[in-house]
Amino acid sequence: MSNSRILKSGAGALAAYGLAIAAALFFAFPIFWMVTSSFKSEVDISAYPPVWSFSPTLANYTQLFTELNAWQALLNSALIVGLATCIAMAAGTMAAYALARFDVKGKEFLAFEILSLRMLPPIVSVIPMFIIARQLGIFDTPWLLIAAYALSGLPFVVWVMRVFIQDIPQSIEEAAMIDGCSRFETFWRVTLPLLLPGLAATMVIVFMFAWNEFLLASMLTSQEAKTLPVIAANAIKPKAIAWGLASAAGVMMSLPVVVLVLLMQRYLVRGLTLGAVKG
Amino acid sequence: MAKSGTINAPALQLGATKAVRAGEKSVPTLLLAPTMIIMTIVGLYPLLHSLYISLTNYNPTFGTSYSFIGFANYARAFGDGQFWYSVGLTLAFTAISVALSLTLAVLLALLFNQYRFGFVVLRTFLLIPMLITPIAVGITWRTMMMPDLGVLNYLLSLIGVSHLSWASSPSSALASVILVDVWQWTPFMFIIIFAGLRSLPKSPFEAAAIDGAGHLATFMNVTLPMLKPVIVIATLLRIVDAFRTYDTVYIITRGGPDFATDLLSVYLQRVNFRIFDLGYGSALSWIALVIVLVVVLVFVNLTGFLKLVADKENR
């Protein structure tokens, strides 16, 4: 390499690192700010110019549990999102299996009908759900949100699991059936173990969207069935905004999703694109 | 994931026909039943109920009785300037936000497609924003964007940029919430496009290099056409979600100041749950639904989305 080539590639590397670090800073800084804010005392959080080194306190987190009733919301979120995810996974995987392995009449139409759920803005279904829930007496109970989140998880499960099932060679199943397994046994003993990574990844995606959901949660609950995003939003009052408290709530509710997704990162792209793009 | 690519699709189709064995006729129906039941009860029924309510003057604050008023709500919607203003604002928000995050995501994907020491770690930072609960994103950005106490104005003052009013002034509020949306969802487009870029075959690039094509020419004539399916899918999903943006805007501005960020979902929330004009609100949501469908259909037709998704071999 001549000297000028070395200089040129050196400059290129420098530019690449400069841009990459700038991008990482842009995307990471607000998260850094949220996490540090959650450990700041009331004095530190309203200081100007902003303080960068401070003595961390857990006051916001304790306040979260004593004043905002975060335990209740955490339990609600876990119950609602957990159950909804299980329902969506069970029903959706069954449907995905049918679409992947059987000749079903109007299969593509059916699949797109399920996909169209992904396009439905929740603001459209929130009014009828509100009215129906009042009539049935299930307003402000977990059941309403469980049903709503199970529904919104379905398109992900059906589309992504269908692709994952199609990725498993049919011949493996056929071999098991020739050996005398029933179709159910074949699914349970042969297909399901091979599907586990895909199932886990899809589950994380469905969990993430339900866990972070706010619009339906805020309008279909009032006291008893409040989820974490709702109580976090409650920390913002028109006059006095408890920033430390709100940040602590933000950290607490984001943490499970960040951990889960980073663990399942390998399959994330496929899940997010409903199976259309390979990660 | 690599092993999955070795299965060829025609064989799968063949197998699918064979798979229907004696006594299995009802199996697919049974398997599809739970999904269909959930879709009908939780999806379709409320939707139809909403259509019915949209033809009435139902408002629970005026008691439980209401009457059928035909298409009066829809007629009223066509004269509702505030509603159409919100529709326009939402379309502008969606177009600008999606265009910006798409551009940024493509540039970042190209940047991070270089194999350099430490890039894997830096890349992880580009993933996290989309995982943060939107409510928490709103809270954090609202603190950072406070004009007098916020850290953004402080940092800008260090490099000599004067006091910005961010979301608290009508002239910059929309730009501010777009910035937040771009921050949160560029990662979504980035990881999809990045994955697409990494899965492209090498030979077209080698051919382009032999032909002496420059960086820009290679990108325009080789990279971009091959990336199209991935870009189309990411963009469509992003359009659908940007159109329904609610959480961050609700936290940061609640539609203000002076309606500068009064997106459709915020406006509808106000009609439905502050004034409780549910009949009218339902009519507006149905119009919103039709608008989404039109946007999606136009996009799908322009890009051949369905073919891309259905085309298993293309993946």
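Analyst: Let's start with chain B, where helix α4 (residues 81-112) packs against α13(B) at an angle of about 30°, the axes being 12 Å apart. That makes α4(B) roughly parallel to α13(B), a label for angles under 35 degrees. Axes here are lines fitted to C-alpha atoms over the stretch in contact, with angles running from 0 to 180 degrees between N-to-C directions. The α4(B)/α13(B) crossing is right-handed, meaning that the near helix is turned clockwise from the far one by less than a right angle.

Before the side chains, a word on the basis: this is a predicted model, where local features need pLDDT of at least 70 and side-chain atom pairs pLDDT 80 or more, while totals for chains, interfaces and linings use all residues. Residues are numbered from 1 along each chain, chains are lettered from A and ligands numbered from 1 in the order written, and side-chain values use heavy atoms, without hydrogens and water.

On the α4(B) side, B:Phe83, B:Trp84, B:Val87 and B:Leu91 meet B:Leu284, B:Ile287, B:Ile291 and B:Val295 of α13(B); contact means heavy atoms within 4.5 Å. That contact divides into 8 nonpolar residues, no polar and no charged, with Ala, Val, Leu, Ile, Met, Phe, Trp, Tyr, Cys and Pro counted as nonpolar.

Now the loop between α12 and α13 (278-303) of chain B: B:Phe276 lies there. B:Phe276 has a positive phi of about 55° although it isn't a glycine. At 22% relative accessibility, B:Phe276 counts as partly exposed, which is the range between buried (under 20%) and exposed (over 50%), using a 1.4 Å probe and protein chains only.

Technical notes:
Helix = DSSP H or I, 4+ residues; strand = E, 2+ residues; numbered from the N terminus. Parallel < 35°, antiparallel > 145°, perpendicular 65-115°, else oblique.
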